[in-house]
Amino acid sequence: GGDGCSPLRVAATSPVTFRTATVWKSLNPFWGEEYTLRLPRGFHSLAIYVLDEDTIGQDDVIGKVSLSHQQISAEPWGIDSWLSLAPVDPDEEVQGEIHLELRVPEQGHPRVLRCHLMEARDLAPRDPSGTSDPFARVSCCGHTLETAVIKKTRFPHWDEVLEFELVEGELAGVVLSVEVWDWDIVGKNDFLGRVEFPLDTICTAPTKGWFQLLPFPSTAKNLGGQLGALRLTVRLVEDRVLPPNYYQPFIQLLTEPILCPDQPPAGTALAILEEVTAGESRQDVATKLVKIFLGQGLAVPLLDYLTTRELARTKDPNTLFRSNSLASKSVEQFMKVVGLPYLHEVLKPVVNRIFEEKKYVELDPGKMELSRSRQRCPCRRISFKGSLSEAQVRESSLGLLQDYLGAIVDAIVGSVEKCPLLMRVAFKQLRRRVEERFPSALHEEVRYFSISGFLFLRFFAPAVLTPKLFSLREQHADPRTGRTLLLLAK
């Protein structure tokens with residue numbers, strides 16, 4: 001326990017939705033992970049928790065950042081800033097709704113308040129099993145009644161009616177309180193949320209429906225950022241998906257330059273889209289274009305159209321596809337969608353071996369650890385004890401890097417038959433276009449660089465550098481393994 005490690009947990013008025021990898025032994029963790037949460041339209045808030053992972057026992061909560069639906073939707077281009085962590089009070093960690101009906105019949109004496117507690121949904125999980133043992137507690141006019149306990153659920157059904165006698169003349173300012181608790185056989189019960197109703201409102205007209213559970217009024221102190229801060233980029237995109245036939249005119253407009261290539265290219269929808277797409281949105285536009293054209297069976301012609309336009313604008317072949325243009329981003333997204341299983345088959349065995357062996361590799365003299373108790377040189381099979389010389393560390397590191405890199409290159413070169421057909425067709429077409437644009441013998445190698453620039457710099461190398469982001473590993477690399485991966489990627 002107490003390893004100074006920091007996983008990040010994201011929830012949206014529901015149980016844990018996503019959890020990042022753990023960054024071990026760090027007070028300044030970097031995750032660089034991106035998640036897409038599919039939320040109901042009526043969600044109330046998004047909560048991000050920072051935890052200290054313990055190898056024994058429960059993880060400790062360091063703090064949280066909570067963003068309301070209103071805060072997120074107020075920034076159409078997204079929130080991108082440092083936000084101070086707030087302390088986490090269990091009495092404030094509530095979620096869910098309760099379904100009830102409150103009624104005071106006009107007839108009868110004394111008057112009786114009838115509270116029909118029907119059910120609750122999406123309650124917070126308070127037990128290790130991921131559920132709770134909820135019961136409702138209703139308080140009014142100095143009296144308290146409780147429902148039965150429903151075991152092991154976050155969606156309890158009580159269907160109970162609790163009644164309170166009302167004293168005429170003492171109803172002004174009286175509040176009916178409905179609280180939901182998690183029953184525990186040992187220790188105190190855990191608070192799950194509450195909702196309050198003015199009694200004079202109920203006496204005037206019945207109250208019925210689903211009501212959001214709320215926390216107790218906050219008593220937490222403002223620690224002024226003492227818990228640290230979290231850098232977040234959060235963007236809310238609300239889409240209404242219509243039947244496919246509604247999108248056909250738009251798809252026809254996009255595919256027109258592909259299906260009817262004789263039209264002037266400058267005025268096509270794709271050409272205009274390419275011109276108006278700003279740098280920060282090219283990734284999103286490229287992702288959507290690739291998915292649309294894959295669905296139409298036209299992904300390769302799309303890439304051919306975009307890369308041909310970029311070739312026409314490129315005068316120096318050494319700068320070809322080096323910018324983050326719509327063409328480059330589209331090829332990159334195409335490889336991720338089409339080639340991810342292929343990437344896993346090629347790289348996973350070598351990446352797993354690097355993670356498991358945890359060898360020390362360093363070539364920079366300024367970063368070498370020379371006073372290591374034991375370091376094995378793979379070339380000579382000699383174990384060095386005590387301090388090591390710079391030359392010894394360098395020789396050992398070079399041997400390891402050559403070994404790992406040889407395995408990676410052999411795996412890639414030997415994977416021709418495993419490479420997805422669509423990728424092979426796309427790159428064959430790209431090579432032909434580059435040859436047409438730069439036919440000179442001086443530029444003979446450009447046809448290969450144009451392909452390797454995508455296949456290595458935008459596909460294999462990033463996956464070697466950060467395997468977690470390509471789902472090759474469940475956790476980020478520790479610092480030593482991370483350094484090895486960085487040197488291999490370079």
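Author: Helix α8 (residues 390–413) packs against helix α11 (residues 479–489) at an angle of about 60 degrees, and their axes are 10 Å apart. Helices here are DSSP runs (H or I, at least four residues), numbered from the N terminus. The axes are lines fitted to C-alpha atoms over the stretch in contact, with angles running from 0 to 180 degrees between N-to-C directions.

Keep in mind that this is a predicted model, where local features need pLDDT of at least 70 and side-chain atom pairs count only at pLDDT 80 or more, while totals for chains, interfaces and linings use all residues. Residues are numbered from 1 along each chain as its sequence is written, and side-chain values use heavy atoms, leaving out hydrogens and water.

Back to the pair: α8 and α11 are therefore oblique to each other (under 35 degrees would be roughly parallel, over 145 roughly antiparallel, 65 to 115 roughly perpendicular, and the rest is oblique). Their crossing is right-handed, meaning the near helix is turned clockwise from the far one by less than a right angle.

So who's touching whom? On the α8 side you'll find L401, Y404, L405 and I408, and on the α11 side T484, L487 and L488; contact means heavy atoms within 4.5 Å. Sorted by class, that contact has 6 nonpolar residues, 1 polar and no charged ones. Ala, Val, Leu, Ile, Met, Phe, Trp, Tyr, Cys and Pro go down as nonpolar, Asp, Glu, Lys and Arg as charged, and the others, Gly among them, as polar.

Elsewhere, an open sheet of 4 strands runs β9-β8-β11-β12 with antiparallel pairing.

Methods
Helix = DSSP H or I, 4+ residues; strand = E, 2+ residues; numbered from the N terminus. Pairing = 2+ DSSP bridges.
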